[in-house]
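Thanks for making time this morning. I would like to walk through one structure with you, starting from a single contact and then widening the view, so please keep the picture open while I talk.

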Amino acid sequence: MSGRAGRRGIDDRGVCISSTAKMMVKRSADCLNSAFHLSYNMLLNQLRCKDGDPENLLRNSFYQFQADRAIPDLERQMKVLQEERDPIHIEEEDSLENYYSLLEQYKDLKMDVRDIIFSRRYCE
């Protein structure tokens with residue numbers, strides 16, 4: 001916010017101080033993050049226009065720019081986490097994988113049974 005520190009017609013000069021400019025000089029500016037949110041209406045409006053290209057819209061968005069810019073940092077984090085993960089040894093890892101697989105099958109079968117029961121209720 002800025003203003004003129006002087007009285008019109010009385011003072012021959014005034015001093016203007018911008019707090020935003022002062023903060024930018026003293027420290028770095030605040031981060032600017034994209035608030036882009038893709039919606040069905042946006043896609044439909046793009047498709048409705050003859051020159052509309054939803055893929056081009058996404059490729060050239062500030063959100064995509066920020067996502068692409070973050071890739072090197074994410075790859076570094078991934079390498080660090082992989083290096084932490086590799087020396088970990090889990091006893092009986094094969095039996096744990098088998099157990100997890102059985103749990104997933106159980107969940108799927110349970111959902112199938114539930115779907116069958118509900119479909120019979122609504123068919124009667």
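This is a predicted model: local features need pLDDT of at least 70, side-chain atom pairs count only at pLDDT 80 or more; totals for chains, interfaces and linings use all residues.

Let me begin with Asp-73 and Arg-76, whose side chains meet in a salt bridge with a distance of 2.2 Å from N to O; a salt bridge here is a side-chain nitrogen of Lys or Arg within 4 Å of a carboxyl oxygen of Asp or Glu. Residues are numbered from 1 along each chain as its sequence is written, and side-chain values use heavy atoms, with hydrogens and water left out.

Asp-73 and Arg-76 are both part of helix H4, three residues apart, which is about one turn of the helix. Helices are DSSP runs of H or I with at least four residues, strands are runs of E with at least two, and both are numbered from the N terminus.

With Glu-55 included, Asp-53 and Arg-59 belong to a network of salt bridges.

Now to the aromatic residues. A pair of aromatic rings is described by the distance of the centres and the angle of the planes. Rings of Phe, Tyr and Trp (its six-membered ring) pair if their centres lie within 6.5 Å, and planes under 30 degrees apart count as stacked, over 60 as edge-to-face and the rest as tilted. The structure holds two aromatic pairs. In one, the rings of Phe-36 and Tyr-63 have their centres 6.5 Å apart and their planes at 35 degrees, so the pair is tilted. Phe-36 sits in the loop between helix H1 (19-26) and helix H2 (40-48), and Tyr-63 in helix H4, so this pair ties together parts that are 27 residues apart in sequence. Phe-36 counts as partly exposed at 22% relative accessibility, and Tyr-63 is partly exposed at 44%.

What of Phe-62 and Phe-65? Their ring centres are 6.0 Å apart and their planes at 20 degrees, so the pair is stacked. They are three residues apart in helix H4 and therefore separated by about one helical turn. Phe-62 is partly exposed, with a relative accessible area of 36%, and Phe-65 counts as partly exposed at 46%. Together with Leu-32, these two residues form a nonpolar patch on the surface, with about 330 Å² of accessible area. Patches are made of residues with over 30% relative accessible area and no salt bridge, like charges being joined within 9 Å and nonpolar side chains (Val, Leu, Ile, Met, Phe, Trp, Tyr) within 5 Å.

Is Ser-61 buried or exposed? Ser-61, in the loop between helix H3 (54-59) and helix H4 (62-85), has a relative accessible area of 11% and is therefore buried. A polar atom of its side chain lies 3.1 Å from the backbone nitrogen of Gln-64.

Finally, the chain as a whole. Its secondary structure comes to five helices and two strands, and from the N terminus on the elements run β-β-α-α-α-α-α. Of its 124 residues, 2% count as buried. The chain exposes about 12300 Å², of which carbon and sulfur atoms supply 56%; these areas come from the Shrake-Rupley method with a 1.4 Å probe, and for residues only the protein chains shown count as cover.

Methods. Buried means under 20% relative accessible area, exposed over 50%, partly exposed in between (1.4 Å probe, protein chains only). A polar contact is a pair of N or O atoms within 3.5 Å; within protein, one must be able to donate a hydrogen and the other to accept it, and residues adjacent in sequence count only if both atoms are side-chain atoms.
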